[in-house]
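Reader: Hey, I've just opened this one and I'm a bit lost. Can you walk me through it?

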Amino acid sequence: MTDIIRVQDAWYEYERADDEGELAVRGVSLSVRKGEWLSIIGRNGSGKSTLIKLLNGLFLPTRGSVTVGSYDTRDEEHIWDVRQRVGMIFQNPDNQIVATIVEEDVAFGLENLGVNPQEIRERVDAALRAVGMQEYAASAPHMLSGGQKQRVAIAGALAMEPEVLLMDEPTAMLDPGGRREVMETVERLHRESGLTVVLVTHFMDEALRGDRVIAMQDGKAILEGAPREVFAREAEALKAAGLEVPAMAELASRLRARGLDVQGAPMTVPEMAQALITRYRERGASGNAG
């Protein structure tokens, strides 16, 4: 895969009134590959939200570099080129919705860029269809559910035709139904259109949807790999970093500790059910054979 974002030895320090400064990101190097889903996990204060804001120039590294395509985010001349290529979705959709009608909100960024009205119409319609919100085009955003508002925010980002969608804990303020509809929308966009996704989350089931996961602690990237491998093999390291592992992975670990050999690395309830069914069938067959 081609790298679309490259982070090289990036540090970020918040200024404080006492002039001491506070390091939030410490020497992180990583790449985001075109078409992948990268999940970033970590407890509060680990640096994960600061890191994602470095990826589209909302924050500029104190040291090191962040490059989007051929553009260095510190190059003021090209900062809007960076932000057109890399869209951003925040935790609270109310902070991103600026218009009183859904379709006007989705069109807002395009109007600011001076895109011609016909193209705006086409892009807005396509973006609303992509997130399943076309029937709400003329609705007032404040009448929508939290999940629907977040899908409108995603549509607004998609209308700009970004190559990468950054999402900073986009479901943290939603109920389970809203979480599910947002994640299913993003997963479908990623699968069907090849949209590159970078998701910051503290929900392990969301991180599990990705192709790769990075775990943050004290501003550093401490673990990286395929989610199933990281959750299965690095459970103790994740716990030491104050993170939970998926509930079914934890259950599998406890069952093994009690002598029940659970095959594979079940991460979801259906996978655990299948693993247990398979295990008991094997035991039954073994007993019958004996």
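**Sheet and pocket**

Author: H5 lies across E6 and E7, at about 165° to E6. Helices (H or I, at least four residues) and strands (E, at least two) are DSSP runs numbered from the N terminus, and angles run from 0 to 180 degrees between N-to-C directions, with axes fitted to C-alpha atoms, for helices over the stretch in contact. This is a predicted model, where local features need pLDDT of at least 70, side-chain atom pairs count only at pLDDT 80 or more, and totals for chains, interfaces and linings use all residues. Residues are numbered from 1 along each chain as its sequence is written, and side-chain values use heavy atoms, leaving out hydrogens and water.

Reader: Which helix packs on the sheet, touching E3, E7 and E8?

Author: Helix H6, residues 176-193. Contact means heavy atoms within 4.5 Å.

Reader: And what's the strand order in the sheet?

Author: The open sheet of 6 strands goes E6-E7-E8-E3-E9-E10, with mixed pairing. E6 and E10 are the edge strands, each pairing on one side only; two strands pair if DSSP finds at least two bridges between them.

Reader: How many bridges join E6 to E7?

Author: 4, and the two strands run parallel. Ile89 stands opposite Met167 in E7.

Reader: Switching topic: which helix gives the largest share of the largest pocket's lining?

Author: H3, with 5 residues. A pocket is an open set of points on a 1 Å grid over the protein atoms alone where a 1.4 Å probe fits, with protein on both sides within 12 Å along at least five of seven lines; lining residues have an atom within 4 Å of a point.

Reader: Which residues lie nearest its centre?

Author: Met88, Gln96, Gly109, Gly156 and Met160, out of 24 lining residues.
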